[in-house]
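The following exercises are intended for a reader meeting this structure for the first time. Each task is followed by a solution in steps.

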Amino acid sequence: MAKAPARKASTEPAVPNRERPNEPERYKASKEELLAFYKQMLLIRRFEEKAGQLYGLGFIGGFCHLYIGQEAVAVGLQSALDGEKDSVITGYRDHGHMLAYGIDPKVIMAELTGRGAGISRGKGGSMHMFSTEKKFYGGHGIVGAQVSLGAGLAFAHKYNEDGGVAMSYFGDGAANQGQVYEAFNMAELWKLPIIFVIENNQYAMGTSVNRASSEDQLYKRGESFRIPGIQVDGMDVLACRGAAEEALAWVRAGKGPIILEMKTYRYRGHSMSDPAKYRSREEVQSVRDKSDPIEAVKRELEKLGVKEEEFKPLEAEIRKVVNEAADFAEQTPEPDPAELYTDVLVETY
Amino acid sequence: MAIELKMPALSPTMEEGTLAKWLVKEGDVVKSGDILAEIETDKATMEFEAVDEGTIASIVVAEGTDNVKVGTVIATIAAEGEDASAAPTPASAAKAEAPAAGQKAAESEAGEDGGRKKADSGTKQLASDKAATVADPAIPAGTEMVKTTVREALRDAMAEEMRKDQRIFVMGEEVAEYQGAYKVTQGLLDEFGPKRVIDTPITEYGFAGIGTGAAMGGLKPVIEFMTFNFAMQAIDHIINSAAKTNYMSGGQMRCPIVFRGPNGAASRVGAQHSQNYGPWYASVPGLIVIAPYDAADAKGLLKAAIRSEDPVVFLENELMYGRSFEVPKLDDYVLPIGKARIVRQGKDVTLVSYSIGVGVALEAAEMLAGEGIEAEVVDLRTLRPLDTATVLESLKKTNRLVVVEEGWPTCSIASEIAAVVMEKGFDDLDAPVLRVTNEDVPLPYAANLEKLALVDAARVVAAVKKVTYRG
């Protein structure tokens, strides 16, 4: 029987054979910035809770994937982008990203209820929302598709020499799709300006990362394409923002794509119809107690001298916004039947 | 006995080529693996290697000879011990005779050669260069016409549009440095540079997605699939990402992209490389699907496809790339999408077809004319949106309809036409609509089976006789 070749004992630590991004620093936010993050994250939380409620009441149909627990990721990352030129694309868990862009909660909620006033005129639904005005390109329902499409947006930035960077969000489940690696290969080959953001919320529907991924440290998934990766605490909005700054510096310097693995957690099921039997109630509660991204920011704000009574009016304001969005979404009419035939094609033939 | 070296077939569809250069001369000793000559086809230049050892006894076809048919003897080798100088044929004298010799070779090619059957293909019954007998009303009378291959027409369409609009780029496997796997993108890299003519890795799903994303981001990509068989890897982006986004976004997000490449049966390439995807894509709302027959349509419709704000699937046919047709010499020849065209007029029966099937239909129409049956041939040109008005109008005149389709019968364009005719033209029908299609089997490799599987003019004639009750 052949013997395994003897492995040379390594005496020195491995030296990177190519340039690597720096370890990102936690973003140093001013009190005002931190307060703005808090408000945005709380808006997403309350909006999603309301969406869950409306789903239960039968106002929202089909699939509805909530972003509760992951708020720090979209808020932290998107706050670092240049709204004039950078683009964002994501999968079907897209409400949070829309809200992080400051898009009116009314038109988002109205899309969830399938109304004519919805941002996609009620024809897209929860998974298919877009705002080309904000350079938010959706809202895609096929797991992993947004990675190739995002590389296409990055291709357009480079082609147009507009200085923009594309940010493509996908989950730990999508990270196992073949086309992700096709996109990685071409993105690095052509040095496309793109940040691949893996929102690792630990579960691809009901399958934990460990059960689905032979390499579960997903930030390493770009190594064989020479794409560097950074693992980030996705429950810390300032860590998210700091990582985005580092990633943007890398990409804007023309060094090609970069991967950010955001370790996060979703509190709710994969979608509203998921009873989440694959994990214990205790596991979820433990994350909520110890690592909730909104509570963390609140504590930080308290350290900066924000008093408990100052949070009260903020929360009331956000509840009001969300309730108004829900009222609007329940009452505004469904699309005109004639809308059935519009927007199939742009031109008339 | 001297060994005869024959003009080789360098691709499944090659019928003739140019003997560009001899790298050996008479009297040279060659061994197996030596490069003897360079042979050019319209697609590529290939090296011709020696298989046998010996001395070049005679060079029969001189270098620079065009249109040398596959199978023509181009040189002889004397094996060891043989007298190489015996009966040499002067190359200069043979040059003039080459076409005649070639003709003979071509004739024997399909048949027996000393009892041994040679490679043949059922696609011979398909590929035609039969031209429309009715002038396209889109071409102004008196326009100068230029003989152009379908391949060149497609390239010209892309080049003309790229000159006008900087947002257009071409992306795909081997489109740039190799000049196109089927040479459709020949010359584009030279003119437009690597920024706009982009070679991709073999990764259809990925680059179809990148193209679609680029279109969403405001560019106008032309994505070439080496063949539409490989687009199966990418069909998710064509349908889920490109076709549906405008609708799902309530008209916010457009996707002006062209997916193009050869579609349908090619020659002796087996089941995985021989399929017509026309009906697949034509069933998808949100897509435009175009399948031209001749070179003028290829040009005019590809230009229209590139200009469209909608996603277009543009189905070409490899067997047609090398066929030549008249193309109008106009600065900007653009055809309307969604308009069928009558390519031959008749009063007794309507033949509806598209892409390579149009040639089969035209051939059948000629055969039928000999028997006193005047067939009208409708070329659909666009499969989605389907120009049912032109079909129904023709039916009104002929009252009989046969659909000719190089593709499977089940859930085909032929099925769709039959349904439309029944719903909207029932009172005009004097006989049931018949479908003449390929057989309902994966395309076999064996030449005889391939012939049996593919549609041909004889089957069209038989169907027409049925619907005209002359069978």
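**Exercise 1: A helix in chain A**

Of the 16 residues of helix 8 of chain A, 12 are buried, so this helix is largely enclosed by the rest of the structure. A residue is buried if 20 or more other C-beta atoms, placed from the backbone, lie within 10 Å of its own. Helices are DSSP runs (H or I, at least four residues) and strands likewise (E, at least two), numbered from the N terminus. The model is predicted: local features need pLDDT of at least 70, side-chain atom pairs count only at pLDDT 80 or more, and totals for chains, interfaces and linings use all residues. Residues are numbered from 1 along each chain as its sequence is written, with chains lettered from A and ligands numbered from 1 in the order in which they are written.

Task: State what covers the buried residues of helix 8 of chain A.

Solution. 
1. The buried residues include Arg241(A) and Trp250(A).
2. Among the elements covering the buried residues are helix 1 (31-56), strand 4 (194-200) and helix 10 (293-303) of chain A.
3. After helix 8 of chain A comes Gly254(A), with a positive phi near 85 degrees.

Terms used
Two residues are in contact if their C-beta atoms, placed from the backbone, lie within 7 Å.
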